[in-house]
Amino acid sequence: MMQNANSLAEGFATLRTLRPGPARLYLAGCSGEPVGLYAALGAEPELARDLTFVGVPVPGLNHLDWTGLHATARAEMPFMYGAMRDGFAAGKILLRPMHYTESYREMQAGPIDLAVIMVSPPEADGRVSLGLSADFSGVILARPDIPVMAVINPWMPAPADTLRVPLSRFDVAVEDDTPLVELTESALPPVFARIGEQIADLVGGDAACLQFGIGNVQQAVLKALAEAGGRANLTIHSGLVTDPVLGLIDAGRVVDAPGAILTGVAMGTKALYNRVARDRRFRFRGVDVTHGIEVLARIPRFTAINSVLEVDLFGQANAEFMKGQQVSGIGGLANFLRGAAVSDGGMPIVALPSTAAKGQVSRIVSRLGPEGVSVPRSDIGWVVTEHGAVNLRGASVDERAKRLISIADPAHRGALAEAWAGMRAGL
């Protein structure tokens with residue numbers, strides 16, 4: 001029987017009685033992160049004793065280290081971000097490099113003892129929704145072996161097409177009005193505007209289904225597509241959407257039909273959250289749908305647009321390491337590139353500025369370090385910098401290097417050509 005609690009701490013204490021002792025606790029990430037619970041456990045840290053936090057918090061979107069709540073708290077996750085650095089160095093965080101679909105399978109059948117999931121307020125039929133965050137929590141709720149606490153948050157929208165479950169599915173329910181995690185866009189550096197224009201030219205005026213990653217590249221591409229104008233012939237199938245998608249909608253580029261924007265998570269400002277609540281184009285699904293390669297392969301002109309940190313002259317990409325230090329994870333990058341590669345008319349695209357450190361460091365490099373290959377050369381298609389776009393699919397090793405050097409910063413092209421000549425002689 002579901003139990004109601006008057007506070008997050010009281011509710012969580014009740015949940016812990018259902019699995020006494022050490023426990024593996026699932027928490028949602030992105031806009032579904034229960035930040036009110038973090039504050040409650042901070043005030044009563046003994047409630048976090050012997051917990052291992054399991055979930056998929058995302059760099060740039062989530063900023064809490066839950067292992068800092070108690071000396072015995074631990075975490076397992078597939079990403080690395082700044083707030084986790086101390087916990088990782090102390091051995092409290094187990095980093096598990098996995099694709100998003102592998103993380104999803106872990107949630108389906110892996111060892112999880114308890115879960116806390118934020119939901120929208122109950123509707124007239126007694127159901128609650130996962131609102132903006134349907135990526136992983138649905139598969140947790142499908143497992144009757146996991147006791148779950150519902151955090152009912154009035155700020156969580158209830159989109160027309162997202163997963164809904166009876167409130168009675170939860171073992172404990174508590175209300176919390178802590179505002180949702182938000183993401184605000186920063187000013188767009190000019191180099192990214194040029195990258196966005198390059199990618200918009202690749203997409204062209206034809207119908208396409210877009211996927212895009214997090215950050216400046218996404219913002220730049222959507223802005224460029226909105227400014228280019230044209231018919232409402234774009235749909236979206238992406239793991240995440242943020243505020244820049246509103247500009248594309250308002251420019252009349254997105255098909256006006258239910259489900260034209262399929263995503264697992266919406267994360268941005270209240271402007272996005274309010275639009276999601278009333279625009280029937282938004283459809284929320286789990287990772288099995290948003291990232292499933294067999295699903296992506298069936299989408300005509302599926303165009304995957306993602307950023308990476310470096311690309312070497314073999315066409316390998318690094319999306320995880322900076323100066324030898326892990327700063328992110330593979331996430332859904334490979335899934336999307338592979339799905340786009342087999343889609344009819346699809347385009348797998350990775351993008352990056354050509355330099356870092358005010359032009360002193362080339363991000364088109366001769367060869368990645370041994371730890372830095374996030375995407376093998378066989379999965380790379382289009383590579384875009386502010387200096388152009390090249391397609392590596394089917395190209396020979398020599399042609400790949402030549403094309404990549406052509407979109408490097410001009411100041412670094414000579415050194416790259418010289419490096420390739422030396423490497424080529426040893427192949």
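Modeller: In this predicted model, contact means heavy atoms within 4.5 Å. On that basis, the buried residues of α13 pack against β16 (310-312), β23 (364-365), β24 (382-385), β25 (388-391) and α14 (410-425).

Biologist: Which residues of helix α13 (residues 397-406) are buried, and how do you know that they line one face of the helix?

Modeller: The buried residues are Arg400, Ala401, Leu404 and Ile405. Viewed down the axis of α13, they fall within an arc of 125 degrees, so they line one face. An α-helix has 3.6 residues a turn, so residues three or four places apart point the same way.

Biologist: Why is Ser120 called buried?

Modeller: Buried means under 20% relative accessible area. Ser120 has 1% relative accessibility, so it counts as buried. Ser120 lies in the loop between β6 (114-119) and β7 (127-129), and among the residues it touches are Ile152, Met156 and Pro157.

Biologist: What makes the pair Ser120 and Ser129 a polar contact?

Modeller: The cut-off for a pair of N or O atoms is 3.5 Å. The side chains of Ser120 and Ser129 make their polar contact at 3.0 Å, within that limit.

Biologist: What makes strand β12 (residues 234-241) largely enclosed?

Modeller: Seven of its eight residues are buried, so the rest of the structure largely encloses β12.

Biologist: How do you know that β12 pairs with β11 (residues 208-212) and with β13 (residues 261-266)?

Modeller: Pairing requires at least two bridges. β11 and β12 have three, in the parallel sense; one joins Leu210 to Ile236. β12 and β13 have five, also parallel, and Val241 has Ala266 as its bridge partner.

How values were computed
Residues are numbered from 1 along each chain as its sequence is written. This is a predicted model: local features need pLDDT of at least 70, side-chain atom pairs count only at pLDDT 80 or more; totals for chains, interfaces and linings use all residues. Side-chain values use heavy atoms; hydrogens and water are left out. Buried means under 20% relative accessible area, exposed over 50%, partly exposed in between (1.4 Å probe, protein chains only). Helices (H or I, at least four residues) and strands (E, at least two) are DSSP runs, numbered from the N terminus. The arc is that of the directions from the helix axis to the C-beta atoms. A polar contact is a pair of N or O atoms within 3.5 Å; within protein, one must be able to donate a hydrogen and the other to accept it, and residues adjacent in sequence count only if both atoms are side-chain atoms.
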